[in-house]
Amino acid sequence: MSGKIVENVTLSQCYQLSRKFDNQYRRDYCAPFMRKVLPLQQGKLAWTAIPSMQLRNLSKYQSSFVKRGTIHCNAAASTTAVPYLEKVDFLKLQNGSDIRGVAVAGVEGEPINLTEPVAEAIAAGFAAWLAEKKKADSKRLRVSVGHDSRISAQQLEDTISRGIAGAGLDVVQYGLASTPAMFNSTVTEDDGFLCPADGAIMITASHLPYNRNGFKFFTNAGGLGKADIKNILERAADIYNKFTVEGLTSSKEKALASVKRVDYMNVYTSDLVKAVRKAAGNIEKPLEGFHILVDAGNGAGGFFAAKVLEPLGAVTSGSQFLEPDGMFPNHIPNPEDKAAMKAITQAVLDNKADLGIIFDTDVDRSAAVDSSGNEFNRNRLIALMSAIVLEEHPGTTIVTDSVTSDGLTTFIEQKLGGKHHRFKRGYKNVIDEAIRLNSVGEESHLAIETSGHGALKENHWLDDGAYLMVKILNKLASARASGHGGGSKVLTDLLEGLEEPGFSGELRLKINQSHQDLKGGSFRDYGEAVLKHLGNYIESYPKLKKAPVNYEGVRVSGFGGWFLLRLSLHDPVLPLNIEAPSKSDAVLLGNVVRAALTEFSALDTSALDKFVQAS
């Protein structure tokens, strides 16, 4: 495939387009309030120190995806430090292997902390980290930047571009994109699309509310880990504290003079189409006759209907919420959300479709629904993917997170002949564990979380919601090619023998960090003390049995079910997951936990109390 650079942005072009856009945009959609804004002087661009917006008529915001503006920046000459930047604790922006913050005003009690200067400093920090990792001498490094449908996305894309360009690296903007596509840009070999990129940044906050945003970072080795993110934020803090007006001016001029734009999603979607055709024996339209719906939840996944399914011959009428709208007016774009799953299920039934596919905001998670309205998500999605992968790689190890069911273990090991390795929560933890197992000689081809994050060895260990759905489509297409029809029944049949609980639920027990019982200590220390006490308590309870192999929290079987109490990865919360044959059995398990935790006064057990008392 030959590619074309869609746009090479110059300073003068950007200014003219920006001025025309901003006049209408500011009048119709926003009431900006900014402190110490430097004026526009002699054709130079003005930069806002702490930009924030009171959004009006937000449903119109999606029009900005058609009419694009460029962020204005300070071009006044100075060698002094910028005097009006607020102090920022950069490390508080870390969310595991991502960065997340508040980018838009409008939610009470959530002040903006992902400002333009903060974002520019983070981008410059990544550029410095990347240059050190790549150890480039004469080669000029290139970074691709894309975003989901969030209302702050384009503003941050321009800000990030300034930080990258100001550090001396080339920037290629992709506009609306998916997280998996951003990683793929680092491994694609295609000069026409300016690939491969040396690094990539995805601007997203997954399924979080409209006011949030954040960043995910990639190289050709995969997504960055927690230690890398901490390193980048430490660099960013140092850069931020040394910002000068002159330096900010220079980064703007470099960015506006050199940023390129490429339609990389054409490359990514073309590869997905090729994968399905190959699985079906190189048939041009292997999904011809199938009726498949897509629910993108107004995130970035709307491309899947027209760019993947239709070229493969599928009918996609009845697909919904494909248009990007960062206010997410229909439902949260989250395959774990009950309202979201109800929406795609109802659409499948109403349209008598063979299959429904649903994505999260940035398309690194997904789920599906068969023609009868049966969901393929959480344990059922893991079971389906395990069945498909174990057909291709008999006996392989399936790595999952800690909250998967005992029935899933039985299904993988006794029905499918594989091995279930139940690890920790956190998609990066699950993926890294699968990689580690392979490195020590234990073959693993699938790492997947109940949240819908799933990664395959064949796909660079990338958690790609679209690629997971391609594997399911491959099964449909290959079954059709071999003469087996029946629509999505071929998928449903793969789950035969999967034992599913009569009750499944999660309760969240919050730790009061200001409670005197913490004695100035951390919530993590307190949470660990709770778990240690619970583990000891169970030892004296003859009807219960602790899991012999467990990597996170305290997992206990009894009364025909199980519970897992663990400490949240990031928050002062102890999530309690319970599965049992019935709610009454689940209550018996809940009562055990409740009795064990009575002496921990800083632990809010009201959710657990309500659960056991309501039965």
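Helix α11 (residues 406–415) lies across β16 (397–400) and β17, running at about 150° to β17. Here an axis is a line fitted to C-alpha atoms, for helices over the stretch in contact, and angles run from 0 to 180 degrees between N-to-C directions. Helices (H or I, at least four residues) and strands (E, at least two) are DSSP runs, numbered from the N terminus. Contact means heavy atoms within 4.5 Å.

This is a predicted model, in which local features need pLDDT of at least 70 and side-chain atom pairs count only at pLDDT 80 or more, while totals for chains, interfaces and linings use all residues. Residues are numbered from 1 along each chain as its sequence is written, and side-chain values use heavy atoms, with hydrogens and water left out.

**The five-stranded sheet**

Strands β17 and β16 belong to an open sheet of five strands, ordered β17-β16-β18-β19-β20. The pairing is mixed. Two strands pair if DSSP finds at least two bridges between them. β17 and β20 stand at the edges with a single partner strand each, so one side of each has no neighbour in the sheet. Inside the order, β18 and β19 pair in the antiparallel sense over three bridges. Ile 448 has Gly 454 in β19 as its bridge partner.

**β5 and its partners**

Strand β5 (residues 98–102) is mostly covered, with four of its five residues buried. Buried means under 20% relative accessible area, exposed over 50%, and partly exposed in between (1.4 Å probe, protein chains only). β5 pairs with strand β4 (residues 94–95) in the antiparallel sense, over two bridges. Asn 95 stands opposite Asp 98 in β5. The hairpin of β4 and β5 has two residues between the strands, and Gly 96 there takes a positive phi near 65°. β5 also runs antiparallel to strand β9 (residues 212–219), joined by four bridges. Arg 100 has Gly 214 in β9 as its bridge partner.

**Salt bridges**

Side chains of opposite charge can pair when their charged atoms come close. A salt bridge is a side-chain nitrogen of Lys or Arg within 4 Å of a carboxyl oxygen of Asp or Glu. By this rule the model has 31 salt bridges. Three of them are tabulated.

| Pair | N to O distance |
|---|---|
| Arg 162 and Glu 116 | 3.2 Å |
| Arg 380 and Glu 500 | 2.8 Å |
| Glu 442 and Lys 419 | 3.2 Å |

Take Arg 162 and Glu 116, which form a salt bridge. Arg 162 lies in helix α3 (residues 153–166) and Glu 116 in helix α2 (residues 116–134), so the pair ties together parts 46 residues apart in sequence. Both Arg 162 and Glu 116 are buried.

Next comes the salt bridge of Arg 380 with Glu 500. The pair links distant parts of the chain, 120 residues apart. Arg 380 is in helix α10 (residues 379–392), and Glu 500 is in the loop between α14 (489–493) and β21 (503–511). Arg 380 counts as buried at 16% relative accessibility. Glu 500 is partly exposed, with a relative accessible area of 48%.

Glu 442 sits in the loop between α12 (427–439) and β18 (444–448), and Lys 419 in strand β17 (residues 419–422), 23 residues apart. Glu 442 counts as partly exposed at 22% relative accessibility. Lys 419 is also partly exposed, at 38% relative accessible area. Elsewhere, salt bridges that share partners join Glu 336, Asp 360, Arg 365 and Arg 378 into one network.

**Helix packing at α3**

Helix α3 packs with helix α6 (residues 245–258) at an angle of about 100°, with their axes 8 Å apart. That makes α3 roughly perpendicular to α6 (angles under 35 degrees count as roughly parallel, over 145 as roughly antiparallel, 65 to 115 as roughly perpendicular and the rest as oblique). Ser 161, Arg 162, Ala 165 and Gly 166 in α3 meet Ser 251, Lys 252, Lys 254 and Ala 255 in α6.

**Backbone exceptions**

Arg 378 has a positive phi of about 50° although it is not a glycine. The residue is found in the loop between β15 (375–376) and α10. Arg 378 counts as partly exposed at 30% relative accessibility. His 460, not a glycine either, has a positive phi of about 60°. His 460 lies in the loop between β19 (454–456) and β20 (462–463). At 47% relative accessibility, His 460 counts as partly exposed. A cis peptide bond joins Cys 195 and Pro 196, with omega about 10°. Pro 196 is in the loop between α4 (179–184) and β8 (199–203).
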